[in-house]
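Please keep the sequence and the model in view while reading.

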Amino acid sequence: AGPLDALARSIEQFDLASYYWDDLTDWRKDIADRTPSLTIGYVLDAYPQLRGEDLAANADEFARALYYGRVAELLLQTGIEHLDRARALVADLAVDDWRAWLASFRADFVAQHREIKQIVERNLCGPAVRAQRELTVP
């Protein structure tokens with residue numbers, strides 16, 4: 001297993017992460033076009049009651065399952081793991097630009113993960129719950 005093999009495996013890991021990103025960012029289009037995707041599969045596995053539904057007509061219900069059911073966070077975390085593996089595979093190779101690209105793409109995943117998590121937690125925890133969390137014990 002030489003450097004070209006390591007680079008090829010790194011690219012494979014990047015491709016997997018890219019697939020997760022693409023699926024997560026265009027799920028509405030996939031539903032409208034009836035295109036099978038990993039995101040749709042994960043949501044339907046986690047929420048079997050959505051199977052047989054017209055997902056295009058029930059996009060809001062699908063979105064709730066995707067985001068509030070933490071499926072989106074799982075997909076993003078899995079993408080991050082693929083990018084981490086991609087970087088580790090080329091850690092000793094002279095491919096600084098490739099590693100920088102992987103780090104940049106990873107930062108996009110992390111930012112999206114953080115944003116989704118914050119929005120979900122903010123929406124799940126009403127003002128009373130947030131205020132209670134902010135109270136400090138003397």
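The model is predicted, so local features need pLDDT of at least 70 and side-chain atom pairs count only at pLDDT 80 or more, while totals for chains, interfaces and linings use all residues. Residues are numbered from 1 along each chain as its sequence is written, and side-chain values use heavy atoms, with hydrogens and water left out.

**Core**

The largest nonpolar core has 30 residues, of which Val43, Leu50, Leu55, Phe62, Leu66, Leu83 and Phe109 touch the most other members. Such a core is a set of buried Ala, Val, Leu, Ile, Met, Phe, Trp, Tyr and Cys residues joined through side-chain atoms within 4.5 Å. Two or more residues each come from helices H1 (3-25), H2 (27-33), H3 (38-46), H4, H5 (71-89) and H6 (96-124). H5 gives the most, with seven residues. Helices here are DSSP runs (H or I, at least four residues), numbered from the N terminus.

Leu66 is in contact (heavy atoms within 4.5 Å) with Leu24, Trp27, Thr39, Val43, Val71 and Ala72, leaving aside neighbours within four places in sequence.

**Helix H3**

Thr39, Ile40, Val43 and Leu44 of H3 are buried. Buried means under 20% relative accessible area, exposed over 50%, and partly exposed in between (1.4 Å probe, protein chains only). Seen down the axis of H3, its buried residues fall within an arc of 125°, so they line one face of the helix. The arc is that of the directions from the helix axis to the C-beta atoms. These buried residues pack against H1, H2, H4 and H5.

**Salt bridges**

The structure holds seven salt bridges, each a side-chain nitrogen of Lys or Arg within 4 Å of a carboxyl oxygen of Asp or Glu. Three of them are listed here.

| Pair | Closest N to O distance |
|---|---|
| Arg70 and Glu121 | 3.9 Å |
| Asp84 and Arg106 | 2.5 Å |

Asp84 lies in H5 and Arg106 in H6, so their pair ties together parts 22 residues apart in sequence. Salt bridges that share partners join Arg70, Glu73 and Glu121 into one network.

**Surface patch**

Tyr68 lies in H4 (residues 59-68) and is partly exposed, with a relative accessible area of 32%.
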